[in-house]
Amino acid sequence: MVKEELTMDFWRPYTDNDLGSDLAKLCYPWRNAGKEAEGVSMTVDENRIISRYRLPECLGRSEATVSYLVGGNGKIDLELEFLPSSDTLPLMPRFGVTLTLQGEYERVRWFGRGPHASYEDRKSGAFVGLYEGSVWEQYFPYDRPQENGNKTDVRWMTVYSGNGGLKATGDPVISTSVYM
C-alpha cells in the first residue's frame, strides 16, 4: 500500500491570501525542514518505535519526535511532538506528516467538514458530515497553483480502492488533504 516512507511535513503551498503578507519569506525556513531533518535516535520498546530528529540549523536545531505504536490488529497509533529551540522561530505553516500511497487508491471517504475544501480560517461554510468522492475531485483548478483540497475537523478519512485502503482517525480531529 505504502509507496514511500512517512515524512514529517512543516510546509504547505501558498494561497492567494498569503501573497500580500510576505508569508513566503517569513515561513521559508520550514519548506524543507522535514526532508532535511537529521535522525538523532531511534528506540524500539515492545510495540513502540520512537524516532527523534533534529531540524536544520536555520530553525535553531529544534527537535521533533515521531512515535509509532504498532498493534497486532494492523492499527498504528502515530504521535508527533515538536520541541522548539526558542520562542523566536518563524511562523510554522503546518505540522503533520506526508504519506505517499500506491496510485491505485483513487477514492476517498471522510467524516468531517465538506464537501469542499475547508481551512481553519474559513470553515464555517463547510458542514460536518459523511462525504465521499474520487481523490481527483478534491482538487480545484485555481488560476495559479496553490494549497488545495484541505479538509478540517476530520474525525476519520479512508483512502481506498477495490483492494482495500487505509484509514486515518483523529484524536479527536485532524486536517487532511489527498492528491493524485
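Predicted model: local features only at pLDDT ≥ 70, side-chain atom pairs only at ≥ 80, totals over all residues.
Asparagine 150 is a buried residue, with a relative accessible area of 6%, where buried stands for under 20% relative accessible area, exposed for over 50%, and partly exposed for what lies in between, using a 1.4 Å probe and protein chains only. Asparagine 150 sits in the loop between strand 8 and strand 9. If we leave aside its neighbours within four places in sequence, asparagine 150 is in contact with Arg94, Ala117, Ser118, Tyr119, Ser175, Thr176 and Ser177, contact being defined as heavy atoms within 4.5 Å.

Residues are numbered from 1 along each chain as its sequence is written, and side-chain values use heavy atoms, with hydrogens and water left out.

Now the chain as a whole. Its secondary structure comes to 2 helices and 10 strands, taken as DSSP runs numbered from the N terminus, with helices being H or I of at least four residues and strands being E of at least two. From the N terminus on, the order of these elements is β-α-α-β-β-β-β-β-β-β-β-β. The radius of gyration of the protein chain is 17 Å, which agrees with the value near 16 Å that a compact globule of 180 residues would have; this radius is taken over C-alpha atoms, and the globule rule is 2.2 Å times the number of residues to the power 0.38. Buried residues make up 33% of the 180 residues, and among contacts between residues at least 6 apart in sequence, 53% join residues at least 24 apart.

The largest nonpolar core has 13 residues, of which Met8, Phe10, Trp30, Ala33, Leu55 and Leu59 touch the most other members; by a nonpolar core I mean a set of buried Ala, Val, Leu, Ile, Met, Phe, Trp, Tyr and Cys residues joined through side-chain atoms within 4.5 Å. Helix 1 and strand 4 each supply at least two residues of this core, and strand 4 gives the most, with 3 residues. A second, separate core of 10 residues includes Tyr105, Trp110, Tyr131 and Val159.

Which residues does methionine 8 contact, leaving aside its neighbours within four places in sequence? They are Gly34, Ala37, Tyr53, Ala64, Val66, Gly96 and Val97. In strand 4, which covers residues 63-70, we also find threonine 65, and at 9% relative accessibility threonine 65 counts as buried. Beyond its neighbours within four places in sequence, threonine 65 is in contact with Ile50, Ser51, Arg52, Glu79, Leu80 and Glu81.

Next, the aromatic rings. A search of the whole structure finds 9 aromatic pairs, where rings of Phe, Tyr and Trp (its six-membered ring) pair if their centres lie within 6.5 Å, and planes under 30 degrees apart count as stacked, over 60 as edge-to-face and the rest as tilted. One of them is the edge-to-face pair of tryptophan 30 and phenylalanine 82, at 5.8 Å centre to centre with 65 degrees between the planes. Tryptophan 30 lies in the loop between helix 1 (23-27) and helix 2 (33-36) and phenylalanine 82 in strand 5 (residues 76-83), so this pair ties together parts that are 52 residues apart in sequence. Tryptophan 30 counts as buried, at 1% relative accessibility, and ring pairs link Phe10, Trp30, Phe82 and Phe95 into a cluster.

I will finish with the backbone. Most residues other than glycine have a negative phi, and most peptide bonds are trans. Glutamate 46, however, has a positive phi near 60 degrees; glutamate 46 lies in the loop between strand 2 (38-45) and strand 3 (48-54). Aspartate 153, in strand 9 (residues 151-161), likewise has a positive phi, of about 50 degrees.

As for cis peptide bonds, one runs from glycine 114 to proline 115, with omega near 0 degrees, and proline 115 lies in the loop between strand 7 (107-114) and strand 8 (127-134). Another joins aspartate 171 and proline 172, with omega about 15 degrees, and proline 172 lies in strand 10 (residues 164-176).
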